[in-house]
Structure formats: structure tokens, C-alpha cells
Amino acid sequence: MLLGEQFLSYNGEVLLFQLSKPKHVEGAAGKTMNLCVRRMVFNRDAKLFVQKSSGVFSMRASHLKIEIICCSCTMDSRTGIILPCILMKKQKHNNVVKYLLLLLHSSNQFEQSFHFKLDYELKEDIRLFTGPSVLWRHANKLFYISSNTCTVLSAPVQLSSVVWTGEIEDEGTVVLGVRTACLSESEDEFSTSDRAIWGSEFFGYAIETQKMLTVTCFMPHAYSRVVSSVYICKNEILKKQRRISLVAITHKNQLIWFQDGLPKGVCELPYEKPCSVKTAVTRTNDLLFIVSFASGNICVVQRRDSLQVASKWQKVKSVLVDDFIGSGSEQLLLLFKDDSNTDVLSTFEITDLGEVNYASGNDYKHNVPTAEGLQENGLLTVRALETRLQAGYTSVRELQQHLRLKKRVILQSCKALIDLVEERTHILPSAKEVKCLVSLWDDLENPPHSLSKETSSSSNVPEHFTKKLWQRVVGDSLVVGVKLTESFYLSLSDVSLSLVMDQDFSSISPVIKCQNKIIKLNKAFSALSVSSGQIEPPPKKMKMDLHSKNDVKKAFPKRCSTVQLDGAKTVIAVTSLSPLLAFHRVCCIVLLHAKKQKHQNDSLQENKKITVLCGKILLSLEDISSGKYSVKMLRDNGYCTGSVEDILAVLAVSFRFSFQIVSSDCTLTPVNSWLLGEMECTPFKECHDNIFCHKAGNTYGTIFNWILKNPFEGVLTLFCRNLTVLFQCLHSLTRVLPPGCDVRLLRYGTKGVLTEQLALALEKEMLTSRSLFFSKESKAEESLTWGNEPSKKIGDAPVAALLDSKEGVQHFRKKLQNEREECVLSMNQTMNGALYQETALKVAEAQLSSDMIVWRLS
């Protein structure tokens, strides 16, 4: 006679626990009770659960009521092995209740772990956990007992419910529950405390250490009034911070996903009164949340892009999660209520919401492969993965070899460049020393003396082409400048600097990545900081070498000429300082690269590339710490005493912005007062129109230039470190400007100058196109070949006279054919490749100049 039953999954098996009275034996009736266990496994061939083994535990039960309270798989602290654990209840007289905790071993032998007595029954929030241990709630208090103490202990907390019990890293067994909010004196204001608003809060209690835990990484306290059960999917400590992922079910029929204390997704559940949630991981790595309801219904929520109900069932007696078919992943076992069949495992369904789908009474022969098929498929999968892994390893190894080869090529090229500019003979490494590196020129056709011809380009440079080589440190940037003489600079184009470390570092490239700028400082301080590379509009970029004729400034030399302070221009290289300081002391060679212009018959001919050694700079941590190369901007009698090099260094690391300010109603006198007053600016001694900001904070070091065209219009130019400083300056400026002022950002020059330049550029483009068209016509006509014999047009002779005889008809036909050929040749005029290339180059040059000015005006 069966009195009760419980189901438990363990290592792919279904454990069926049943209480029964033994068959009537004389003198033994009513004195014993048997707890039977049946180990059931799924037979894939028969598609049924069959009994593997069984066991019995007999208990004395004279006039007692025995029940199975709950069962679970917990870890035995003595061995560290997870075993099935069953909590039994014996109802005695005088309201004394005895509880037994039993362990089931693999031999189907039951072991009594411990027992305890209470004067009340366990009804609320009963949990089994590691030890084995039992935890329950009674009269809003938390009690627990373990096999180590065998004594009922009470936790010093008042609680209304337990939502989760489990293991937390570094804390051991933790109970997560809900209690009435305990507010301190500093949290009296309802607007500042989430717990005060809702009147309840979550709490965490560590059983082993007997301490309270902060639960801000679990869930907000606002959910404490609605959450009924929680399942923690992941808990770990990363960078000394606890990371928690969990799902919670609520009294509002919702399932909510929380990540590090914040809700990340929510799903409406199809039934009411959800009571528990557990998870399953399928063979496709899908995470399924199985929600059980008090009505016996089950639903599965799938988490992919969002939380969605994937499937649901009704009249379910129990749901278990394990690998029942031995596929290496988890499935769901649904046991349905069936009053017509006495076998408890007769009506079931095994599914993973994918390929696996077994149901009692149905033949799913082809749904799941047999054990042999699974093993064979697994072996083929492993072999395929090994092949892919080997192919990936081979690709990585080839890529590493390629990167090492590129590094050797760069190092040898740098050494050759240094030897070239220092006029030393560079010796190429032999094939034995460096594999896969060969000479890029033929030694027979290009003997070594040809290299000396190339190096002569660097020696044909004036001895005093540089006035000064200097360096400055501005923030995290190293600024290196080379001041060139005016006569030398006018003969160059496309000027840039390179910094090459003089030390021999085998592991890194000696070439230092830097940004080049050309700065021209004049008396009026329209000091322009422009990059050495010409900025081009996005719609069109030239990919061919225009022999340095595409520079807009050269097309209009009168418009770009300025009066310089000392007749010199400075080429500047800016690079990051911190990577260089890793070497403590470093020596860098400064190289100048340019194209030397050749003038012949007042026309610009093809340029020749040259490389010039400008000198060396030394950098060390001692010099940086002592401020040897720091920018010094001090106040002296109302002026800023910064040198020209200091000014250029600040300009090199700054961004330039020009704004046109127009006021229709009031004069712009507040701008000057704002600069000298609120911004605490002082003019430079070298150029009075430019002022340096000494105001403490982010705006320190900003350079301003204020040009007042008339009392109602002016141009304000700012040189600042970043956009944050720019926004701060503009915010401060807008507070002092008169109402109705129009502030407009100027791009690359004033509108009037750019309009005049555009008119000239369009005129030049039109003249170029027209001249090229007429030259094309004339050259094409000269290259055409017409008929060999001169003849008149057909219309010159009477047609009727030609058609009188047979010879006349043939003559007419010949003349008609000649005119057809002449017509085709006139419509398909051709030109040679050199003429077409020259034509396309000139047209592209003219169009590029006008397009660039239009882009600047836009």
C-alpha cells in the first residue's frame, strides 16, 4: 500500500521514493514502515523508463504518521560527494514532531545523517543544502541544523520569506530573503531610500560566518514586495567586484532577468501563482528557465535576444532536469498526472525544445540517434574541430612569420636611411644573416656608385639651411622644431620631419610616429598652424602626383604672402612623450624630407626628393623632471614672457578655431574686457595682438587673437588643447556678449578672400579646359590620315552624268565609300597616351583647386 511518493533526478537517473507498508505478517502489522527507492533509467530502444535497481529503508512506525517532506541532491561535507538527501517526518503524541535526514548511497543503502525534534511542524521555506543541512522559516525567524552540529540554531534576523539558498564564492552558504526595512537615522527621508518607500528590503545571511551581506549586486529593494523565488545563474568575482546574474519570479506573474543588480529583461508568464524556477542548458547552449506554478502547470522561458515563453504544459505532476538520454546536455522530463494508470512513469515527455523530443505512447524513432550513432557523430565532430584548430594554428604561425619579416625589413630600411643621410656606406646583410631579405635592385645593372649619385642630393644643400633646432615638452607631447632659412624654404615643397632613435633596438622599430606641422608666425599673428599634408575635401581626392602644382597657396602667391618676424619658417614634429620615457634616456636623429623644386624658363619642373640631417636631440627623465624643456609663460609688466619657441610649441599641440562675431545693435567692446578681465590674458612681447590665458583650470594655456574689423564685427581665434576647453571658453564668452550677437565658425579663411580665390580658380579652370580642347583638335587633325588621292565631293559633279555608264557607277560608289570613311574618322579622333595623360593631369589640377575652395566655403 503506497502512502506517498517523491521524484528526484540524479546523474541521468530518476529516483522514485515511495512510502509503503509491508505485507501483513502476524505480529508485525502496523509496527514498521518502508521507504523504497527505485532507480529508473530511460531505454532509448524501448522509449520507456525501466528499473535499474532498488533499495529499502525500514522504520519503526507504531501508531505514528510518517511523511516525506522533501528531497534534494546535496553535498556530503565528509567526502565532498553529492548524494540524494531525503527529509522524513514522524508525527508523535503531545505535539512532538521528529525529523530524520537520510542519505542514499550508490549501493542503494540509506544512511541516517541526523535527527531532531520540534514542537511544531515545518511548513514554510524548507531548504536542504550542503552538509547535509536543513533550513526553514518559522514565526518570521530563520532556523537551521547541520550534520556537524546536530543542534537547531537560530539566525539573528527577522524575515518574511526566503527566496534563495545556495553557495556564493568566498562566502559559503548564503540565504537570500526579504524582511521589513531596517532604516538608520540617516535614512529617514523617504525620497532617498528605496527601502523606506517600499517598507521592505532584501538581505543576505552567510550561514558559516554568521554575518549579514550587502545585496545591492542582487536586486533593487523595490522588488522585495513582489519577488517570490530566485535562481542565481552565475556568481563570480572579477577585479575585486562581485558579478551576479539571476532570474526572479514575482507575484505579478512575471519573470525578470537581473544583471549586477539591474533589471535587463522581463517576460509575462502565461499562468498565475508561479512558485519556483530552475534552469536547463541544451545541446545548442540555449539557457532555458523552467517555471512551475501552484496549479500544476509548467512553462519554459527562452533567453536569446529577449525573454520569451517557448513552450508550456498543463497537469504536470513533476518536472526534472538532467541528461536522461546520455547526449551530454540537459533535457526536461515532464511527468504528467494520469489517474487511469498506476505506473507513475507511464505518462511522460522528454524534450530540450530542439531535436530531442520523446513522449510516452509515441514512436520518435528518428528523433535521437542511438548510442553508437551519438558516439560516431561525436568522434567526427572532434576530428573536424581538431582539423580547424590545426589550420588556425598554421595561419597564426604564418602571420607571426610575416610580421617578423616586416619588422626586419623596417629595421634594415631605417639603418639604411640613417647611413644615407650621414653619408656612410650601408652594407646589406647577407642571406645567411637575414633570411628572406634580398636586395631590391640588381647589383650588375645598378652598381654601388649609382647610390652615391642619389646621396649627392642631400649634399647639394646650403650649409646654413637651418637656423635652429629646438625641443619642448607640452603635457604628454614632445615638440621638435627646425627653423629654416627663407631662401632654403622657398626652394622646397612637401616639407616634413622624421624622428629616428639612434639606439639599436632589435625588438622595436626605431622610427617614431609623429605628426608634422608648418607654422608661420607673422607680426599680425594671423599665426596659422597648418598640417604639412594638404587637407582635401571628402568628395574627391587626387591619387596621382601633380608635381606639387596642386597647392592652392602657390596658385595665389600674392594672397598668401605675409611679413614674418625673422625671415624664417619652422617645421615642427609632435609625438607622444610617454613611450619615449620608457627608455629613460633616448637620442633621436632629426631628418627633414622635402621635394627640391627646379626652375627652368620661369616654369616649375619636376621636383626631386631630398633628405637632410638636421641634428640630434637628447631626452632623459632627469631633464623632464627638472623642467629643462618645459614651456615657460610668465607675466612681466603686463606682458607674457614666452619665447618664440614656447609660442610655437603651444600652437603645435593646439587646435585652431576662428569665429566671426557680428553684433547689429551693440558694439563688441565687452570681448576685449572679457579677455583681459575674466580670462586673465596678457599679450606676448613678441607679438602683441596675441594674448595668453593665465586663468587657473582647464583654460590655462589657451591663446587668443581678437581682431576688430569695425565696432560691430570681429574675428576671434582660439588655440586650445581640446574641445572641452573650447566649449568652456565659448560658454564664458556667450555670457558677456550683447543680445542678438551672431557667432559663426570660420573654416580655413574669411569668406571674402575665399570668394575671390574661387573666382580666379574657376577662370583658370575654364581657360585650361578651352586651351586643352583647341590643342587637342589641332593635334588630332594632324595625326589623322585621310584619303590618298585628292578628290572632290560627290556633290561637286552632276550625279546623273556619273550614273550614265557602268564605269561611272563604280566611280560614284568609290567616292561614296571614301566620304563614309572620312566621316567616321572625323567622329572618332584619337590621340596618343602621352597627350591624353598630360590633358587629364592639367584638367584634374584645375578642378581640384576650385573644388577645394568650394569645400572651404561650404
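Contact here means heavy atoms within 4.5 Å. The model is a predicted one, and in it Leu478 touches Gln471, Arg472, Val473, Ala573, Val574, Thr575, Leu577, Leu580, Ile617 and Leu619, when residues up to four places away in sequence are not counted.

Leu478 also belongs to the largest nonpolar core, which has 26 residues, and is listed with Leu484, Leu497, Leu580, Val590, Leu592 and Leu619 as the residues that touch the most other members. At least two residues of this core come from each of the strands β30 (477-485), β31 (492-501), β35 (568-576), β36 (585-596) and β39 (608-620).

## Helix α10 and its two sides

Within helix α10 (residues 669-676), the buried residues include Val671, Trp674 and Leu675. Viewed down the axis of α10, its buried residues fall within an arc of 95 degrees, and therefore they line one face of the helix. Thr669 and Ser673, on the other side of α10, are exposed.

The buried residues of α10 pack against the strands β43 (681-683), β44 (690-693), β45 (703-710) and β46 (713-720), and also against helix α11 (723-734).

## Helix α9

Helix α9 (residues 644-652) is mostly covered, with 9 of its 9 residues buried.

How values were computed: Residues are numbered from 1 along each chain as its sequence is written. This is a predicted model: local features need pLDDT of at least 70, side-chain atom pairs count only at pLDDT 80 or more; totals for chains, interfaces and linings use all residues. Side-chain values use heavy atoms; hydrogens and water are left out. Buried means under 20% relative accessible area, exposed over 50%, partly exposed in between (1.4 Å probe, protein chains only). Helices (H or I, at least four residues) and strands (E, at least two) are DSSP runs, numbered from the N terminus. The arc is that of the directions from the helix axis to the C-beta atoms. A nonpolar core is a set of buried Ala, Val, Leu, Ile, Met, Phe, Trp, Tyr and Cys residues joined through side-chain atoms within 4.5 Å.
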